[in-house]
Amino acid sequence: MQAAAPRLRVHRRRWGEGVVKGALALCALVSIATTIGIVAALLEPSLEFFREVSLVDFFSGTDWAPLFEPARFGVLPLIVGTLSVTFWAVVVAVPFGLGAAIYLSEYARPGVRKALKPALEVLAGVPTVVYGYFALVTFTPFLRSLGLDVQIFNAFSAGVVMGIMIIPTVASISEDAMNAVPQSLRDGAYALGSNKLEVSVRIVVPAAISGIVASFVLGISRAVGETMIALLAAGQLAQLTFVPFEPVETMTAFIAATGIGDVPTGSIEYKTIFAVGLTLFVMTLAMNLFAIRLVRKYREVYE
Amino acid sequence: MVMTAAERIPGVEVRHDAPSGPALREVVFDVEDLTVAYGGKSALSGVSLEVYKNFVTAFIGPSGCGKSTFIRCFNRMNDLIPSATVDGTILYHGEDLYGREVDPVEVRRLIGMVFQKPNPFPKSIFDNVAFGPRVLGLKDGLDDRVRHALEQAALWDEVKSRLKESALSLSGGQQQRLCIARALAVEPEVILMDEPASALDPISTTRIEDLMDELKREYTIVIVTHNMQQAARVADMTAFFSVEVDENRDARTGILVEYDVTSKIFTNPSDQRTEDYVTGRFG
Ligand SMILES: Nc1ncnc2c1ncn2[C@@H]1O[C@H](COP(=O)(O)OP(=O)(O)OP(=O)(O)O)[C@@H](O)[C@H]1O
Ligand SMILES: [Mg+2]
């Protein structure tokens, strides 16, 4: 009856919109499904593993020799090896990455930034095997030439070079976060008589902290998960030590080395790989969750 | 050439509540033939005027005539814009503000600024006000200093029970008064305000205008405003800027048209362009 009312109703069904929505949902689903698949694939052999080796033995044992007779399954040396290498990586990557980000975002002239940022991102694309060899054939010999008592394979070299590898990641993401801080905040601080360093450290870094912490977490995750450098430069000696110049075996190095070896499918050695993988997964997950909470707590929301 | 107000006005046509005419006032800034360009294109050209102590001096004019550009010259904020160049001189108590020995960081400690859009730091209310004193190393009596600044900015009663809360939880008007308090906390001599009330409701605007009347006893205030009633209400001296368009070179440059006692600018301007603007026939 009334001519005006139908105007608000749908004239043509917009099928296109539904299709796009479905396709996008599918994309999101693929990554979630893959993650679930990975966890499931890790879980099954791991559960079998823990039927044969108790959790207590696994996590409290200080001896790791799964491929020898009698086999021992104390994973602590691998965890300590991973943490030790990661520690040195973080010691290098956090200050240098943050420093580079502050320089690029706050100090560099626009032209310099334009040239440096892509260069940094290219650096992030160098294959890790190159870094691994650099650690083994250049960095370790360099340390020795300084007269340091360094083993050929050692946690320190692997960690430092891993840190260098991660600097671009930390710098690039931190810089993005710092760039997103509104200029008006900087102006406000300058207008109060702050110098550049004070503006950077007291205003920009706190305002960008969630992005900066995210860059650290991503960097650390890469260090924890990094395989090639650890395998090539840290060695494969699973000893429980925090001494930086001693060889260690990381969890990833164990997985890679054992994975490409000839362990029969279904054997206890085979299941060990998955148990270590699951442990690695849980550690990374825990760290990410912790970081998210940390960021929530200290974030300075602008706007 | 623009004559200074002191030359033209014998000191009689001043605002009724102004204690004395500009001729008797101490000059804080003496601007001579100032030209500012962005990347070679001049945005403001040939400006000369004097800013007097304990006066509110207002800059009015159409959008794009260079008011913000001009006010940023007084605390050297234009230094932060890489493409900006400043020519001419600004004397601050007789000393060249752009002299080779002058440190812009020191300049900004003496000459504070409040921006058009409230820009509180994403920190607590207390930390916002304490920011300046901390940077200057004024750690003693910080609590009193923060309180005093908040009182001066007429904000203390509203925030005294929530100093630890985020400054972003305040309303827009409160945020702007917080920014004023933040500027006051370092005890500057001059406060520059670039359209401080343009984002605020009438009540907040009135509060900030009242505040300026209070503050000018202790401070010298320079304010940019789009609101002519506001200029008429708060300013002792008013400068009217306009845009000069050069059709041949497609260039637009801000110029100072007239600078005088506020009442003169609004009731009896000497320039036709000023009259057109203040009576609403232009811009
Ligand atoms: N950072 C900048 N880079 C380049 N040009 C600029 C910059 N800031 C201002 N300008 C130009 O200078 C001229 C004057 O701008 P300004 O912001 O000083 O005007 P204004 O009088 O404050 O205007 P409004 O009343 O709209 O705030 C304009 O043409 C503007 O485009
Ligand atoms: Mg402006």
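Biologist: How many residue pairs are in polar contact across the interface of chain A and chain B?

Modeller: This is a predicted model. Across the interface of chain A and chain B, three residue pairs are in polar contact, with both residues at pLDDT 80 or more. The elements that each give two or more residues to the side of chain A touching chain B are helix 7 (183–190) and helix 8 (196–207) of chain A. Helix 7 of chain A gives the most, with six residues. By class, that side of chain A has 10 nonpolar, five polar and five charged residues.

Biologist: How many salt bridges are counted between chain A and chain B?

Modeller: Side chains of opposite charge can pair when their charged atoms come close. Between chain A and chain B the count is zero, whereas over all chains it comes to 24 salt bridges. One salt bridge joins B:R109 and B:E106, whose closest N and O atoms are 3.3 Å apart. These two residues are about one helical turn from each other because they lie three residues apart in helix 3 (residues 104–110) of chain B.

Biologist: What area do chain A and chain B bury between them?

Modeller: The size of an interface is often given as the accessible area lost when the parts come together. Here chain A and chain B bury about 1,800 Å², with 65% of it on carbon and sulfur atoms. Of the area that chain A buries against chain B, 34% comes from A:A191, A:L192 and A:R202, more than from any other three residues. In terms of contacts, 20 residues of chain A meet 24 residues of chain B.

Biologist: At what angle do helix 4 and helix 7 of chain B cross?

Modeller: The axes of helix 4 (residues 125–135) and helix 7 (residues 172–184) of chain B cross at roughly 35 degrees and come within 7 Å. Their crossing is right-handed. B:I125, B:N128 and B:V129 in helix 4 of chain B meet B:L178, B:A181 and B:R182 in helix 7 of chain B. This contact has four nonpolar, one polar and one charged residues.

Biologist: Which residues does a cis peptide bond join, and what is the phi of B:D33?

Modeller: Most residues other than glycine have a negative phi, and most peptide bonds are trans. A cis peptide bond joins A:E69 and A:P70, with omega about -10 degrees. A:P70 lies in the loop between strand 1 (64–65) and strand 2 (72–73) of chain A. B:D33, in strand 1 (residues 27–38) of chain B, has a positive phi, near 50 degrees.

How values were computed:
Residues are numbered from 1 along each chain as its sequence is written. Chains are lettered from A and ligands numbered from 1 in the order in which they are written. This is a predicted model: local features need pLDDT of at least 70, side-chain atom pairs count only at pLDDT 80 or more; totals for chains, interfaces and linings use all residues. Side-chain values use heavy atoms; hydrogens and water are left out. Contact means heavy atoms within 4.5 Å. Buried area is the accessible area (1.4 Å probe) that two parts lose on being put together, summed over both. A salt bridge is a side-chain nitrogen of Lys or Arg within 4 Å of a carboxyl oxygen of Asp or Glu. A polar contact is a pair of N or O atoms within 3.5 Å; within protein, one must be able to donate a hydrogen and the other to accept it, and residues adjacent in sequence count only if both atoms are side-chain atoms. Helices (H or I, at least four residues) and strands (E, at least two) are DSSP runs, numbered from the N terminus. Ala, Val, Leu, Ile, Met, Phe, Trp, Tyr, Cys and Pro count as nonpolar, Asp, Glu, Lys and Arg as charged, and the others, Gly among them, as polar. Axes are lines fitted to C-alpha atoms, for helices over the stretch in contact, and angles run from 0 to 180 degrees between N-to-C directions. A crossing is left-handed if the near helix is turned anticlockwise from the far one by less than a right angle, and right-handed if clockwise.
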